[in-house]
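Please look over the sequence and the 3D view, then read on.

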Amino acid sequence: MASKDDEYDYLFKVVLIGDSGVGKSNLLSRFTRNEFNLESKSTIGVEFATRSIQVGGKVIKAQIWDTAGQERYRAITSAYYRGAVGALLVYDIAKHITYENVERWLKELRDHADANIVIMLVGNKSDLRHLRAVPTEEAKAFAERNELSFIETSALDSTNVEVAFRNILEEIYHIVSQKQIRDANSSSGPQPNEYTQTIQVAPTESDTKKQVKCCQ
């Protein structure tokens, strides 16, 4: 018997990318479980969590993948870009080097992900405004040049975390629904929803968290 969590109209895969330590795991846990862990350790390999929201009268199940930021795991995480329809590119507003590396992460994303992936630039740890090293206007200008949406968040105090994930999921839904309308208008028969099974994942007992350990 299917649980309520299994009832959804769309399943969207969204990846979190960026340097290690910028707060990707806490953004994931804040959005999916409303939790924050000050002792959070670096992610090994990849983990994912899910949460369903309503957009336009439809149930959107977001499957959010947290990719490890360490260089030695980049080869294994690059495979997880496949099938992603959205990405949050995260840096730490208090560490300029993490912002400098955004360009490299963006190139990797565009090399490995679908050309139509929706990308949001996220300046995390906005609660550290007294330690700010990346001006908001500078990051906003970079996002505009590269056709990215932009937001600053704090996983610690929850600022804009819900807004960030909802905005990217709503944008993905808008693109998908418009494509379905165009497809329906150009075809006499019903079209399968290509996004309903974006990710093929075997069901687990909790379906809220799964760890994939890196190979030796």
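## Surface and model

The protein chain has an accessible surface of about 11300 Å², and 49% of that belongs to carbon and sulfur atoms. Accessible areas come from the Shrake-Rupley method with a 1.4 Å probe; for residues, only the protein chains shown count as cover.

This is a predicted model: local features need pLDDT of at least 70, side-chain atom pairs count only at pLDDT 80 or more, and totals for chains, interfaces and linings use all residues. Residues are numbered from 1 along each chain as its sequence is written, and side-chain values use heavy atoms, with hydrogens and water left out.

## Overall fold

The protein chain holds six helices and seven strands. Helices (H or I, at least four residues) and strands (E, at least two) are DSSP runs, numbered from the N terminus. Along the sequence the pattern reads β-α-β-β-α-β-α-α-β-α-β-α-β.

The protein chain has 216 residues, and 46% of them count as buried. Buried means under 20% relative accessible area, exposed over 50%, partly exposed in between (1.4 Å probe, protein chains only). Take the contacts (heavy atoms within 4.5 Å) between residues at least 6 apart in sequence: 76% of them join residues at least 24 apart.

## Helix α1

Helix α1 is mostly covered, with nine of its ten residues buried. These are K24, S25, N26, L27, L28, S29, R30, F31 and T32. Their cover includes strands β1, β2, β3 (58-67), β4 (86-92) and β5 (118-124), along with helix α6 (161-185). Just after α1 comes N34, with a positive phi of about 55 degrees.

D19 sits in the loop between β1 (10-17) and α1 (24-33). Its relative accessibility is 10%, so D19 counts as buried. The D19 side chain makes a polar contact with the side chain of W105 (2.6 Å). A polar contact is a pair of N or O atoms within 3.5 Å; within protein, one must be able to donate a hydrogen and the other to accept it, and residues adjacent in sequence count only if both atoms are side-chain atoms.
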